[in-house]
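Let us go through this structure by asking what each label rests on. Each reply sets a value against its cut-off.

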Amino acid sequence: MEHLIQIIDQIPIRHNIASHLMFLGIVQAYFLSILIFICSKRRSAIRIFGWSLLIQAIVCSDTYLCYTGLMKYTLHWNDSTEVLVLLIFPSIYFFAYALLERKPVSLTSHWIHFLLPAFYLFTQIGYFISPVEIKLNAYLDAYHKSIPMIEAPEGTNYGYQWIKDEFRWLILLSSVIYLSLIGRLLFKKRQLHKRTTRNVKLGKYAFARNTLVSFILLITVLFIIYIRYEDDAGDHYIVIFMTVMTFASAAFILSESRFFEHSWVADKYETLSAKSISFQEIEVSLHNDDMYLSTNLSLKSLADLLKVNANIVSKVINSETGLNFNDYINQKRIQVAKEKLLDDQFTHLTIEAIGQLVGFNSKSTFYTAFKKHVEISPTQFVKQNKA
């Protein structure tokens, strides 16, 4: 035991710019995750984002302790977060899935994504129950090769090492798999970005797209670090990169905050009715008797029907679709117009008449809306699809 203490005492404590940056990122990630848990709904996509941040914070805390040398005070926990590393990429995918598909993520429907972390956890049980000497040697081998290792207890079993040696490549494999899955999600939802209007600061598609870009950058950093450094010697660079991403997330949350909007201090918003509505209620009302095809439809008339303030209706639509009220309604009308333009039952009607049939008051507004949502004129659309 005395020799063990002497070895541990040789481990230096270091604090520098890199450690300070890591510390700032870790604190920020913990803070954001807690804030998200407090403020978000239980089954919302943002709650999954909070879990992802928390997992990253725990993993980065491990690296921080290793890099600074503070791990010598918690050696029993050395390499204890490796399983969580394999959950980082699935958690980011779950967030993108819930955000874009608007479907809940559950263990019963997404159990396959936990197979690799569960398998790795099973193979490392031998390491987790190993004596502290083994964990000290593992730490020294990764961060302080100049310090002599301690003799391992007799009969030590290293059966877990066969997959531990390949852990870095498991991380890269996981990252590539989930990069592909997020890319596929974005490909399916790419039309949403085309419909996003100027008054939307950053739509769900755009945020998911930026997440994918960050994902690609992270994989690039991982690959460079893994090629250049042996063991865990370069992991602090990965944590610094994740610190930058955490602050970017914080900047996004702040920029989207109502605190920065004039509406936060405007009296008319402070006196809004406490009653709220769901997006589903709006959809049902609009589709009752095809209300959305009426030329008399307006934001005010819809709000009056729902018996809520027009600003509430506008905000719910904007939050769910990324569109303002007019674009949201016109998108529905254009879809019906496309069907009627190709339907032989309506060939006797002019294009202008079909526009009026789906709720447009004039030919010009119909053509403008059609080109905005379909990117070609109604005439061109008919020619291309009836050729």
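Q: Which residues does Ser-175 touch, not counting residues up to four places away in sequence?
A: Ser-175 touches Phe-89, Phe-215 and Ile-219. Contact here means heavy atoms within 4.5 Å. The model is a predicted one.

Q: Where is Ser-175 found, and what makes it buried?
A: Ser-175 is found in helix α10. Its relative accessible area is 0%. Buried means under 20%, so Ser-175 is buried.

Q: How far apart are the C-alpha atoms of Ser-175 and Leu-65?
A: They are separated by 24 Å. Along the chain, the two residues are 110 residues apart.

Q: Why does Asn-137 count as buried?
A: Its relative accessibility is 11%. The cut-off for buried is under 20%, so Asn-137 counts as buried. Asn-137 has its place in helix α8, residues 132–143. Leaving aside neighbours within four places in sequence, Asn-137 is in contact with Met-149 and Ile-150.

Q: How do you know how many disulfides there are?
A: A disulfide needs a pair of cysteine sulfur atoms within 2.5 Å. By this rule the count is 0. Take Cys-60: the nearest cysteine sulfur, that of Cys-66, is 12 Å away, and Cys-60 is in no disulfide. Cys-66 is likewise in no disulfide, with the sulfur of Cys-60 as its nearest, 12 Å away.

Q: Are Cys-60 and Cys-66 buried or exposed?
A: Cys-60 has a relative accessible area of 6%, so it is buried. Cys-66 has 4%, so it is buried too. The cut-off is under 20%.

Q: What makes α3 a helix of the expected span?
A: α3 has 24 residues. From its first C-alpha to its last it reaches 35 Å. At 1.5 Å a residue, 34 Å is expected, and the value is close to that.

Q: How many cavities of 30 Å³ or more does a search of the whole structure find?
A: The search finds 1. The largest cavity has a volume of about 60 Å³. Among its lining residues are Gly-25, Leu-53, Cys-60 and Met-242. The elements that give two or more residues to this lining are α2 (17–39), α3 (45–68) and α13 (235–255).

Q: How do the residues of that lining divide into nonpolar, polar and charged?
A: The lining of the largest cavity has 7 nonpolar residues, 4 polar and no charged.

Q: What lines the second largest pocket?
A: This pocket has a volume of about 920 Å³. It is lined by 40 residues, of which Asp-79, Glu-82, Phe-167, Asp-231 and Asp-232 lie nearest its centre. The elements giving two or more residues include α3, α4 (82–101), α10 (167–188) and α12 (204–228). The largest share, 6 residues, comes from α8. The lining divides into 24 nonpolar, 5 polar and 11 charged residues.

Q: Why is Asp-79 called buried?
A: The relative accessible area of Asp-79 is 12%. Under 20% is buried, so Asp-79 is buried. Asp-79 is found in the loop between α3 and α4. Its phi is positive, about 65°, although it is not a glycine.

Q: Why is Asp-289 called exposed?
A: The relative accessible area of Asp-289 is 80%. Exposed means over 50%, so Asp-289 is exposed. Asp-289 lies in the loop between α15 (279–287) and α16 (299–306). Although not a glycine, Asp-289 has a positive phi of about 55°.

Q: Why is α18 said to be largely enclosed by the rest of the structure?
A: Because 12 of its 17 residues are buried. Among them are Phe-325, Tyr-328, Arg-333 and Leu-341. The buried residues of α18 pack against α15, α16, α17 (310–321), α19 (351–357), α20 (363–374) and α21 (378–385).

How values were computed
Residues are numbered from 1 along each chain as its sequence is written. This is a predicted model: local features need pLDDT of at least 70, side-chain atom pairs count only at pLDDT 80 or more; totals for chains, interfaces and linings use all residues. Side-chain values use heavy atoms; hydrogens and water are left out. On a 1 Å grid over the protein atoms alone, a cavity is a set of points where a 1.4 Å probe fits but cannot get out, and a pocket is an open set with protein on both sides within 12 Å along at least five of seven lines; lining residues have an atom within 4 Å of a point. Grid points are joined across faces, edges and corners, and a volume is the space filled by probe spheres set on the points. Helices (H or I, at least four residues) and strands (E, at least two) are DSSP runs, numbered from the N terminus. Ala, Val, Leu, Ile, Met, Phe, Trp, Tyr, Cys and Pro count as nonpolar, Asp, Glu, Lys and Arg as charged, and the others, Gly among them, as polar. The expected span of a helix is 1.5 Å times one less than its number of residues. Buried means under 20% relative accessible area, exposed over 50%, partly exposed in between (1.4 Å probe, protein chains only).
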